[in-house]
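Subject: Handover of a structure

Dear colleague,

Please find below the structure that I am passing on to you.

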Amino acid sequence: MSAAQTPIAETGARPPISFSEKAKGYLALTKPRVVELLLVTTLPTMFYAHSFAGNSGVPSLWLMVATMVGGALAAGASGAFNCYIDRDIDKVMNRTSKRPLVTGVITPREALVFSWVLTVIAVVLLWSINPLTGMLGIGAIVMYVVVYSLILKRRTTQNIVWGGAAGCFPVLIAWAAVTNTIQWPAVILFMIIFLWTPPHYWPLSMRYSDDYNAVNVPMLGAVAGSRTVAVQVVLYTWAMVACSLLMIPLGGAGIVYTVVAAGAGAWFLYEAHVLYNNSKKDLVTKKNAMKVFHASITYLTLVFLSLAVDPFVGSALMG
């Protein structure tokens, strides 16, 4: 058999990468599931800010689209930068072994150029709304890429606490887009997500502790005992629920938000305490850790959906 006839499997050559593979690879770099979760907090905040400012109805279609697209691009740029920075450990971790920089679908140079292009477009679009929104977009990218990915992630068990603040910026961006300022409700919403991040992510790191330990990334859920992690999850969850209820006296929340925030908060607290009780009996498993992770997503979704509906049902309970 001639060299030209030698099968690919024997030569180790890779078949050409199709346009579809490239497109899917670029999309994967943006971490679309993370972007989706961030957008769940953006639009409801815009609805609420519009009403809080004394307006009826909803923000203009252009403003909503520009803010959502700009925010999605900023989040996508952050995710792409993170994939570029973490490509050395992604190839070792089972959870990330299929990412496009590991498989070779996207080259490091392509990923870096793509990240910068998304960043520029995102900032230009957000800045076109108003400069404050643009600056907050820059802040979100810097927080995730520089503070979390480059500085904290591989150095401290508190990495996700402070680095996770990047995920709080969409509510500030949304509020600033509508009002061109930052007010107390926006600060409270920022803090809800800030306090939500540890009980959301640490159970996930318990599930993938072997991966994180293999690459020496000190996620608390991977390096600490289950009881230590469960105590932290409970404490942050209590703080988060208490913070969410501050929207009633300080943020002008009405009956819909109040009922949902209290009910969803009580349910999530129950799930956090179940994890803690299991940890005391040494019964924490990857499955029940992930139950808390999924519960956290449901909780945040319910709270922000109620925030979107609240302005259209009744009036503020206090103030």
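The notes below set out what was found, beginning with the basis of the values.

This is a predicted model, in which local features need pLDDT of at least 70 and side-chain atom pairs count only at pLDDT 80 or more, while totals for chains, interfaces and linings use all residues. Residues are numbered from 1 along each chain as its sequence is written, and side-chain values use heavy atoms, with hydrogens and water left out.

Annotated regions

The unreviewed UniProt entry places the feature "transmembrane region" at residues 34–54, 60–85, 106–129, 135–152, 159–178, 184–202, 254–276 and 297–318. UniProt positions are given here in the numbering used for the model, with feature names shortened, and such annotations may be inferred rather than shown by experiment. Within residues 34–54 the chain is 90% helix and 0% strand, with 32 Å between the end C-alpha atoms. For residues 135–152 the figures are 100% helix and 0% strand, and the end C-alpha atoms are 22 Å apart. Helices (H or I, at least four residues) and strands (E, at least two) are DSSP runs, numbered from the N terminus.

Helix H2

In helix H2 (residues 19–29), Lys22, Gly25 and Leu29 are buried. Buried means under 20% relative accessible area, exposed means over 50%, and partly exposed lies in between (1.4 Å probe, protein chains only). Seen down the axis of H2, these buried residues fall within an arc of 60°, so they line one face of the helix; the arc is that of the directions from the helix axis to the C-beta atoms. An α-helix has 3.6 residues a turn, so residues three or four places apart point the same way. Phe19, Lys24 and Leu27 are exposed on the other side of H2. The cover over the buried residues of H2 includes helix H4 (61–85), helix H6 (100–103) and helix H7 (108–129). Lys31, which follows H2, has a positive phi, near 55°.

His50 counts as buried, at 13% relative accessibility. Leaving aside neighbours within four places in sequence, His50 is in contact (heavy atoms within 4.5 Å) with Asn55, Ser56, Gly57, Val58, Pro59 and Val178. Pro44 is also buried, at 6% relative accessibility. Not counting residues up to four places away in sequence, Pro44 touches Leu39, Phe304, Leu307 and Ala308. The C-alpha atoms of Pro44 and Asp310 are separated by 9.5 Å, although the two are 266 residues apart along the chain.

Aromatic rings

Rings of Phe, Tyr and Trp (its six-membered ring) pair if their centres lie within 6.5 Å; planes under 30 degrees apart count as stacked, over 60 as edge-to-face and the rest as tilted. By this rule there are ten aromatic pairs. In one of them, the rings of Tyr144 and Tyr148 have centres 5.4 Å apart and planes at 35°, so the pair is tilted. Tyr144 and Tyr148 are four residues apart in helix H8 (residues 131–152), and about one helical turn separates them. Tyr148 is buried, with a relative accessible area of 3%.

The rings of Trp202 and Tyr236 have centres 5.7 Å apart and planes at 80°, so this pair is edge-to-face. Trp202 lies in helix H11 (residues 184–207) and Tyr236 in helix H14 (residues 226–245), so the pair ties together parts that are 34 residues apart in sequence. Trp202 is buried at 0% relative accessibility, and Tyr236 is buried at 16%. Elsewhere, Tyr48, Phe52 and Trp175 form one aromatic cluster.

Charges over rings

A charge sits over a ring if NZ of Lys or CZ of Arg is within 6 Å of the ring centre and within 35 degrees of the ring normal. Arg87 lies over the face of Tyr84, 4.3 Å from the ring centre, and Arg207 lies over the face of Tyr208, at 4.6 Å. Arg87 belongs to helix H5 (residues 87–90) and is partly exposed, with a relative accessible area of 31%.

Cysteines

With a disulfide taken as a pair of cysteine sulfur atoms within 2.5 Å, the count is zero. Cys243 is in no disulfide, and the nearest cysteine sulfur, that of Cys168, is 10 Å away. Cys243 is buried, with a relative accessible area of 9%.

Yours sincerely
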